[in-house]
Amino acid sequence: MTDESAGRSADRSSTQDHEPMETRLLDLAEKGRRTDGLVREHPEVLTAVVDGLLQIDTAAFVAEHPEAADQLLELLWDGLRIAAVEADLDGVTDHVTVSFAADDCSLVGHLDIDGEAGTIASGTDRATDSDVTISGPADVLVGLLAGDVDPKLGFMRGRFTIDGSTETAMALVPVLDSLSKQLPV
């Protein structure tokens with residue numbers, strides 16, 4: 001990531017009508033409720049969820065459609081867990097747990113990174129033993145996970161805050177980069 005607006009957002013129009021996207025996200029949430037392994041079997045669903053969340057006001061969507069948002073966030077975290085199989089964990093040699101918490105809605109989740117084992121697990125809740133918690137607007141957090149928000153620039157510009165070791169959080173930048181590159185496009 002070389003630019004905060006790199007990646008999927010380059011093709012989006014700021015004047016786009018968000019009603020059709022919200023309808024599509026609601027449809028995807030319903031599919032996620034009915035289908036086990038949806039992300040693994042149909043990776044394009046994850047792309048649609050990520051793109052959809054990046055195009056709308058995520059906090060407003062979560063507030064208006066809490067059940068659908070829960071389903072979509074579960075799809076997002078499952079997709080990150082699946083993408084993590086291919087993620088590059090160079091530079092992470094310890095066990096690190098990072099939680100993400102939106103300050104404008106109920107969006108939360110965590111990544112549990114085991115550098116020694118080379119694994120990443122994820123969850124749709126805030127980990128009780130987080131080494132680092134990243135907080136900010138839901139749109140920024142989704143952008144961090146999707147690769148649309150540069151972690152270093154976003155932090156320096158105050159788009160999100162870090163509770164815990166800033167050094168540990170910055171060591172996770174290559175992991176976030178690698179995860180976002182593994183998401184299906």
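## Basis

The model is predicted: local features need pLDDT of at least 70, side-chain atom pairs count only at pLDDT 80 or more, and totals for chains, interfaces and linings use all residues. Residues are numbered from 1 along each chain as its sequence is written, and side-chain values use heavy atoms, with hydrogens and water left out.

## Overall make-up

The protein has 9 helices and 5 strands; helices (H or I, at least four residues) and strands (E, at least two) are DSSP runs numbered from the N terminus. Starting at the N terminus, the order of elements is α-α-α-α-α-β-β-β-β-α-α-β-α-α.

Of its 185 residues, 49% count as buried, where buried means under 20% relative accessible area, exposed over 50% and partly exposed in between, with a 1.4 Å probe and protein chains only. The accessible surface is about 9000 Å², and 46% of this belongs to carbon and sulfur atoms; areas come from the Shrake-Rupley method with a 1.4 Å probe, and for residues only the protein chains shown count as cover. Among contacts (heavy atoms within 4.5 Å) between residues at least 6 apart in sequence, 71% join residues at least 24 apart.

## The sheet

An open sheet of 5 strands has the order E3-E2-E1-E4-E5, with mixed pairing; two strands pair if DSSP finds at least two bridges between them. Strands E3 (119-123) and E5 (161-164) are at the edges and have a single partner strand each, so one side of each is left without a neighbour in the sheet. On average, neighbouring strands are turned by 20° against each other, direction ignored.

E1 and E2 run antiparallel and are joined by 7 bridges. They form a hairpin with 5 residues between them, and alanine 101 stands opposite valine 108 in E2. Strand E2 (residues 108-114) is also antiparallel to E3, with 5 bridges joining the two. Here leucine 111 stands opposite serine 122 in E3, and isoleucine 113 faces isoleucine 120 in E3. The hairpin of E2 and E3 has 4 residues between the strands, and glycine 118 in this hairpin takes a positive phi near 75°.

## Helix H9 on the sheet

Helix H9 (residues 173-182) packs on the sheet, touching E1 (95-102), E2 and E3. The direction of H9 makes about 110° with that of E2; axes are lines fitted to C-alpha atoms, for helices over the stretch in contact, and angles run from 0 to 180 degrees between N-to-C directions.

Helix H6 (residues 138-146) has 8 of its 9 residues buried, so it is largely enclosed by the rest of the structure. The buried residues are Ala138, Val140, Leu141, Val142, Gly143, Leu144, Leu145 and Ala146. Glycine 147 follows H6 and has a positive phi, near 90°.

Helix H3 (residues 43-55) packs with H6 at an angle of about 140°, their axes being 9 Å apart. In this contact, Val50, Leu53 and Leu54 of H3 meet Asp139, Val142, Gly143 and Ala146 of H6. By class, the contact has 5 nonpolar, 1 polar and 1 charged residues; Ala, Val, Leu, Ile, Met, Phe, Trp, Tyr, Cys and Pro count as nonpolar, Asp, Glu, Lys and Arg as charged, and the others, Gly among them, as polar.
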